[in-house]
Amino acid sequence: MVKKKVGQVAVDEKNEIQALFERRNGLNELAKILTADNADLYEKWVKDMGETQSKFQGWWDRMAAKYQWESHEGGNWEINFDTCDIYLVLP
Amino acid sequence: MIQYLVILLDDTSVSFCHYGNAKKERRLMPLETLKAGILFGMKENLNIQFVYPAYALPEAYDAVIEGIDHVKIMPAATPEGADVLVMNGWKECESWTAGAGVSCVLRLPKAEWFGQAGRVAALLEKTERLNVVLTDVETFTEDDFKAYERSLAEVANLLEKAYMNGKTPQLNLLTDRMMLEQMNNCGAGDTNITLAPDGKFYVCPAFYQAAGGYAIGSLAEGLEIKNAQLYRLDHAPLCRHCDAYQCRRCIWLNRKATLEVNTPGHEQCVAAHLERNASRQLLLAIRKHGTFLPDKREIREIDYLDPFDVRKEW
Amino acid sequence: MEKIKETGRGWQSGMAKNITFIVTKDCQLACKYCYLVGKNSKERMPWEVAKQAIDYILDHESEMREESVIWDFIGGEPFLEIDLIDRICDYLKTEMFRRNHHWFNSYRFSFSTNGINYHTDKVQRFIQKNHDHLSIGITIDGTERKHDLNRIYKGDGRGSYADVVRNIPLWLEQFPHGGTKVTISSEDLPYIKESVLHLYGLGIHEVNINCVFEDVWKPGDDALFEEQLMQLADAIIDGGYYRDYACSFFSEHLGKPLDCVTQNQNWCGAGKMLAVDAEGNFYPCTRFAQYSLREKKAWIIGNIRDGIDKNKLRPFLLLDRCTQSPQQCIDCEVAEGCAWCQGENYDAADTPTIYQRATAICRMHKARVRANNYYWNKLFRKLELEDAREACEENHPKPNPLNC
């Protein structure tokens, strides 16, 4: 695996994706205990998960367009929440 | 530095402050204890204040008491010779006539004060100084704060008129702050201590006469105020920055509300700031009529009632 | 093409509300230095109490505006009550989500365990279910002889090292950044160096270690402590451990004088935290519950039925360093980094106050400062000679400064 720093985002931008990351994790773990008999909560979860995923993808699209990070076929970007650094990771 | 020694002559000595005396059984201070207490006060160069019960003391006590310069704090039931007379509720005020130079303490619960505060006008005709002490300030609610604010405004109007008529009555809640430029609190444990009939010292009478108190030494073993610094203003993290200079900063109420002697509860702070703000308005109103206390600074306008809400965050 | 890697061991440090459930006062162990003087097997938190506490806390969102929350579970040994904990966590997740509570975006479940039950099916199922939100620390004190000196089973008094160390690989596999908390008492001093190195050898990269705040120290302990720390410093530097391992005894922020105006903050977070016990009473921190106190009455700030009495919290939120410190601490030339526990201050005070700082660790702190100075002087010289100082300062791991 090759890992290379390709950029950095602002703290506010990092906070935005970190909150979405945390929310998605929370929704994922909530899914393990949700049962179908709680229909209201289940519907709320489905809606929320869809919105969170969409915002999540939207963040990466916006940031990639804004900062024009280096990319590579088969690679992916990583963010370090401590430093706001963006890395390109190649398998 | 300790400057005053309060001597409770009996377990049932009258309360002249916020606390209620829970002790109902008479227990006169032994004469030898009284003598030893006075001796302690003389050696330590303390001003002595005797607090009387509502019954006549044996003659032998009078002779000992008169052997030292002092102040007598007495209940309304036995007012003869009082320097400070304590009345509990409006009812005890009805038949009272003050002698010259006698100060008056009026203790009453909020229910008796709200809506009737204007009755102090009649009392201020009879005494040069009146201290009003609300005995349940720690129970104030938001509605009570509003009622208290209204009552202070009402009394401030009365005082303004009195000053315009050339009189200079003193009412602790409203006129003290106009005169003060630094904190002037009760000073329990700092500038004054109390000697109880059991021969022990206490921070103030409440620490003996109300539940949950503790001693700070005894005549036999000497005065030992542990953590004495906590009774001083410089070790009160909220109060040392505060400018509600007239606040009693009641150590006993502090402890009751927050468990710490150096930290006031919300209710005491807000009540003191309502008094401070009403004093500000009174000062401004009197000054509209002409020069008044020209050497005193204006009381500045503030936007909080509890200094805890604007404390420095670390 | 995106992926998120979460890093940073001090999760939301300083921004999180810490809420502790004292789920049980029972423990398999009877550690000799344990400050919990009132442990027992009877006081277990009923589910109804836990639920009512959660409802109260979540109902009062406007009064707890911290961005994040750490739901902390403590005992005794918390994993003795894994069924209750599982139910609490499920309810918390569901309720934070259902109420649109802001903490659903930022929460952790935190445990400090003796590690004995770590491998059991129930605990493992719980870990699988909540892994992304867990912070679990296993307490292991070092070498077997050091660990078993204090951390012994109640009853037969045998050491617990073997039962804990067998679970370390599983724990590190699940939480590779897991840190351990080591407590040092007078009898432990000769084993500090070997113990820290042993923990590194087990694969634990973060060793948070502190001397007990209680007045247990004997004449000469400071010299022994200093000697052990210097030997440890040599071993860490000469062995190159500083690159990947952290030990909280050594800190760059230690041993300078402090100013009473600009550096006046309280050390301890008591009062900003909240603890609830089996009776449903609230405390400013677990150390103020009766089972933690030797000499003083519990400092109860409310309960799940009547709520929190904010007046009882005011002294905590007004605490600053200098108001609670004796003159010797205010004037101290090496004050920086000298810690205190508000609960121990309260317990040891001459009157029932949190405004009297205990100074039992004074000589130990000064010894630590001397060894710490030695460590950094030696390390920086080495790095300068290797032209590696800048890189090291950027990358070397830093321990969690909160040792409570």
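Let's start with a pair of residues in chain B: B:Cys104 sits opposite B:Leu130, which belongs to strand 6 of chain B. Strands here are DSSP runs of E with at least two residues, numbered from the N terminus. Please keep in mind that this is a predicted model, where local features need pLDDT of at least 70, side-chain atom pairs count only at pLDDT 80 or more, and totals for chains, interfaces and linings use all residues. Residues are numbered from 1 along each chain as its sequence is written, with chains lettered from A and ligands numbered from 1 in the order in which they are written.

Now, the strands around that pair. Strand 5 of chain B (residues 103–108) and strand 6 of chain B (residues 129–134) run parallel, joined by five bridges. Strand 5 of chain B also pairs with strand 4 of chain B (residues 84–88), again in the parallel sense and over five bridges; pairing asks for at least two DSSP bridges between two strands. There, B:Val86 has B:Val105 as its bridge partner.

Is strand 5 of chain B mostly covered or mostly open? Mostly covered: five of its six residues are buried, meaning 20 or more other C-beta atoms, placed from the backbone, lie within 10 Å of a residue's own.

Over to chain C. C:Trp299 lies in the loop between strand 10 (281–283) and strand 11 (302–303) of chain C. Why does C:Trp299 count as buried? Because C:Trp299 has 26 C-beta neighbours inside 10 Å. Beyond four places in sequence, its contacts (C-beta atoms, placed from the backbone, within 7 Å) include B:Leu259 and C:Tyr346.

Finally, the two chains together: 17 residues of chain C are in contact with 17 residues of chain B.

Conventions: Buried ≥ 20, exposed ≤ 12 C-beta atoms within 10 Å, placed from the backbone. Helix = DSSP H or I, 4+ residues; strand = E, 2+ residues; numbered from the N terminus.
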